[in-house]
Amino acid sequence: MTAAHPSAAPKTVRVDLGDRSYDILIGPGLIATAAGEIAGRLKGRRMAVITDAHVAPLYLEPLMASLKATGIEAVSLVLPAGEKTKSFEHLIPVCEAILGARIERNDAVIALGGGVIGDLTGFAAGIVRRGSRFIQIPTSLLAQVDSSVGGKTGINSPHGKNLIGVFHQPDLVLADTDVLDTLSPREFRAGYAEVAKYGLIDKPDFFAWLENNWQAVFAGGDARIEAIAVSCQAKADVVAADERENGRRALLNLGHTFGHALEAATKYDGTRLVHGEGVAIGMVLAHQFSARMNLASPDDATRVEAHLKTVGLPTRMDDVPGDLPPAEKLMDAIAQDKKVKGGKLTFILTRGIGQSFVADDVPANEVLRFLEEKHPK
Ligand SMILES: NC(=O)c1ccc[n+]([C@@H]2O[C@H](COP(=O)([O-])OP(=O)(O)OC[C@H]3O[C@@H](n4cnc5c(N)ncnc54)[C@H](O)[C@@H]3O)[C@@H](O)[C@H]2O)c1
Ligand SMILES: O=C(O)C(=O)C[C@@H](O)[C@H](O)[C@H](O)COP(=O)(O)O
Ligand SMILES: [Zn+2]
């Protein structure tokens with residue numbers, strides 16, 4: 001249960017996208033007051049809430065009670081938890097639940113959960129009636145700092161991560177920071193990888209602040225809220241400048257080309273590797289590969305690895321339990337990356353901490369040799 005904290009006003013970050021702009025509210029107690037925030041912004045009075053089997057017993061009832069008390073009629077659907085739920089198999093019941101509840105375009109679909117529920121539900125909202133209103137109530141750290149913002153939605157394919165989906169922006173994001181207290185330490189750490197990512201992209205001072213304050217962020221309270229707000233502002237700025245990833249937005253993919261290949265290689269098996277862990281390993285690899293290409297000092301890769309290791313994240317391919325396919329197989333997944341243009345690989349590389357850049361035309365043979373070294377058969 002989340003308790004309302006009437007004295008603590010939420011922080012607001014605005015995602016500036018013209019007539020599709022929206023607010024991200026960040027703070028404690030927001031599930032209990034969700035319906036008021038929604039009713040103040042949306043005309044519709046019917047909602048479908050999609051959540052998962054871990055989140056439902058904790059937060060579905062208070063959300064449904066808040067909606068009911070505000071005169072909003074809501075139905076709910078509970079899906080299995082975990083990355084495998086981001087699939088066609090689970091997309092169908094979500095679409096049918098939305099249609100079955102006669103959610104009209106002015107009503108809304110609500111994602112209550114982590115990035116898996118957010119990405120899947122956002123995709124369903126993007127295609128049902130060719131686009132329905134959509135509210136994100138992210139409950140994992142990863143979802144609060146990254147996946148609930150920016151409108152990338154979709155599902156996975158055996159060919160690779162997020163290969164099927166649409167851009168569909170939410171109308172509102174409500175990040176209730178109280179709910180992070182029930183998140184497992186492993187999932188909190190995984191979300192932290194995406195927080196650190198913003199520092200490594202272009203905020204060296206934020207990365208240094210995290211190195212000094214990570215324990216306070218993990219403990220909760222003001223430092224945690226500050227880290228979430230800085231992350232959301234960083235993402236909002238990038239999305240406002242390049243919504244459809246024609247340029248700068250690709251920076252948000254730091255560590256993801258390697259990370260997504262590892263996720264596909266583990267068949268989206270959340271016991272071996274979860275997304276944020278893949279990103280952590282991927283960010284270390286991106287820094288090491290940049291050093292190998294003489295773009296950055298190897299000391300920066302060492303510093304990144306040291307920090308991620310200190311918080312308890314995996315940093316090497318060998319940290320993934322069980323066997324990984326050989327480097328050539330990982331290259332197959334890398335070749336399916338959405339940043340590939342004309343068959344040429346695009347990577348996010350770096351000149352140092354907080355100096356990431358988009359590198360087009362990265363030689364595939366260099367990447368293969370590098371992966372063979374890091375992951376000898
Ligand atoms: N759309 C985007 O921009 C974007 C950005 C980053 C990641 N992603 C995607 O997000 C997904 C990962 O998201 P995630 O890390 O949130 O994974 P997740 O949704 O699987 O959530 C992690 C686990 O925590 C549980 N959980 C969530 N909130 C909880 C809470 N408050 N208390 C207890 N348990 C809770 C979930 O049930 C799940 O078991 C990946 O599919 C990734 O590709 C998308
Ligand atoms: O919002 C973005 O843009 C990102 O790249 C954020 C990433 O953290 C996220 O994992 C995203 O889903 C990856 O995008 P993809 O286009 O490589 O699937
Ligand atoms: Zn990510």
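Two strands pair if DSSP finds at least two bridges between them. With that in hand, here are some close-ups of this predicted model.

**View 1. Strand β5 and its parallel neighbours.** Strand β3 (residues 46-52) runs parallel to β5, and the two are joined over five bridges. To find your bearings, look for valine 49, whose bridge partner in β5 is isoleucine 110. Strand β6 (residues 133-138) also pairs with β5 in the parallel sense, here over six bridges. Alanine 108 has arginine 133 as its bridge partner in β6. Follow the chain from β5 through helix α4 (residues 115-127) to β6, and you trace a right-handed β-α-β crossover.

**View 2. The two faces of β5.** How many of the six residues of strand β5 (residues 108-113) are buried? The count is six of six, so the strand is mostly covered, where buried means under 20% relative accessible area. In a regular strand the side chains alternate between the two faces of the sheet. Here Ala108, Ile110 and Leu112 are buried on one side, while Val109, Ala111 and Gly113 are buried on the other.

**View 3. Helix α10, end to end.** The 18 residues of helix α10 (residues 275-292) should span 26 Å at 1.5 Å a residue, and the end C-alpha atoms agree, being 25 Å apart. The helix is mostly covered, with 17 of its 18 residues buried. Just past α10, take a look at asparagine 294, which has a positive phi of about 60°.

View 4. Lysine 197 and aspartate 146 form a salt bridge whose closest N and O atoms are 3.0 Å apart. Arginine 224 and aspartate 181 form another salt bridge, with 3.3 Å between the closest N and O atoms. Here arginine 224 lies in helix α8 (residues 222-241) and aspartate 181 in the loop between β9 (172-176) and α6, 43 residues apart. Arginine 224 is buried at 6% relative accessible area, whereas aspartate 181 is exposed at 58%.

View 5. Arginine 14 meets aspartate 23 in a salt bridge, the closest N and O atoms lying 2.9 Å apart. Arginine 14 is partly exposed at 47% relative accessible area, while aspartate 23 is buried at 14%. Elsewhere, salt bridges link Glu83, Lys86, Asp119, Lys161 and Glu263 in a network. The whole structure holds 25 salt bridges.

Note on methods:
Residues are numbered from 1 along each chain as its sequence is written. Chains are lettered from A and ligands numbered from 1 in the order in which they are written. This is a predicted model: local features need pLDDT of at least 70, side-chain atom pairs count only at pLDDT 80 or more; totals for chains, interfaces and linings use all residues. Side-chain values use heavy atoms; hydrogens and water are left out. A salt bridge is a side-chain nitrogen of Lys or Arg within 4 Å of a carboxyl oxygen of Asp or Glu. Buried means under 20% relative accessible area, exposed over 50%, partly exposed in between (1.4 Å probe, protein chains only). Helices (H or I, at least four residues) and strands (E, at least two) are DSSP runs, numbered from the N terminus. The expected span of a helix is 1.5 Å times one less than its number of residues. A crossover is right-handed if, with the strands pointing away from the viewer, the path from the first strand over the helix to the second runs clockwise.
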